[in-house]
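Let's take a walk through this model together. Have the sequence and the coordinates open as you read.

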Amino acid sequence: KTSMMADKSLELRPMQESPEKMHGTLGCPDWAAPVCVVEFDADARPSTGSKAHEYNDTSEVLHAKIALLAKMVRRAKHCIVFTGAGISTAAGIDDYATKAKTESRYQWTLKGSEILAGFPQ
């Protein structure tokens, strides 16, 4: 039902959204688009009709976003963070897309397979 093999036709498929949707209103419009690392046939949310694909920023964009976030936190008098479900995956808490992996078909892209191969066994 699931496959861990990369599909070369999915290789480095960039997100097709506005810079604001990809990087936020404080992001640089010149930043590279995130690339798809896992493609799902499951809907992210039934009401939206969009798929639960997973995207990663390039290393350069990720570092720029971290620097921007650090600057905002340093300047803040008070700080509160509202996050989406994806923030929990780094802590080992399943998100919708992780759940969908057991309930639907998905295909790792070449980039996603490279990232997966870098994880400790």
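The protein chain exposes about 8,800 Å², and carbon and sulfur atoms supply 58% of that area; accessible areas come from the Shrake-Rupley method with a 1.4 Å probe, and for residues only the protein chains shown count as cover. Of its 121 residues, 21% count as buried. Here buried means under 20% relative accessible area, exposed means over 50%, and partly exposed lies in between (1.4 Å probe, protein chains only).

A word on what you are looking at: this is a predicted model, in which local features need pLDDT of at least 70 and side-chain atom pairs count only at pLDDT 80 or more, while totals for chains, interfaces and linings use all residues. Residues are numbered from 1 along each chain as its sequence is written, and side-chain values use heavy atoms, with hydrogens and water left out. The score pLDDT is the predictor's confidence in each residue, from 0 to 100. Its mean over the protein chain is 77, and 69% of the residues reach 70 or more. Over residues 1-6 pLDDT stays under 50, and the model has 22 contacts beyond four places in sequence for them. Where pLDDT is low, the predicted coordinates should not be read in detail.

Now for the fold. The protein chain has 4 helices and 3 strands, and along the sequence they follow the pattern α-β-β-α-α-β-α. Helices (H or I, at least four residues) and strands (E, at least two) are DSSP runs, numbered from the N terminus. Among contacts with a separation of 6 or more, 59% are between residues 24 or more positions apart; a contact means heavy atoms within 4.5 Å.

Start inside, with strand E1 (residues 35-40): 5 of its 6 residues are buried, so E1 is largely enclosed by the rest of the structure. E1 runs antiparallel to strand E2 (residues 54-56), and 3 bridges join them; two strands pair if DSSP finds at least two bridges between them. Valine 38 has glutamate 54 in E2 as its bridge partner. Valine 38 is also 9.0 Å from leucine 110, C-alpha to C-alpha, although 72 residues separate them in sequence. Leucine 110 belongs to helix H4 (residues 110-117) and is partly exposed, with a relative accessible area of 21%.

Which charged side chains pair up? Side chains of opposite charge can pair when their charged atoms come close. A salt bridge is a side-chain nitrogen of Lys or Arg within 4 Å of a carboxyl oxygen of Asp or Glu, and the count comes to 2. In one, aspartate 57 meets lysine 65, with the closest N and O atoms 2.8 Å apart; aspartate 57 is partly exposed at 25% relative accessible area. In the other, glutamate 17 and lysine 21 have their closest N and O atoms 3.8 Å apart. Glutamate 17 is partly exposed at 43%, whereas lysine 21 is exposed at 64%.

Finally, look at the surface again. Leu26, Leu69, Met72 and Val73 form a nonpolar patch with about 370 Å² of accessible area together. Patches are made of residues with over 30% relative accessible area and no salt bridge, like charges being joined within 9 Å and nonpolar side chains (Val, Leu, Ile, Met, Phe, Trp, Tyr) within 5 Å. Leucine 69 lies in helix H2 (residues 59-75) and is partly exposed, with a relative accessible area of 48%.
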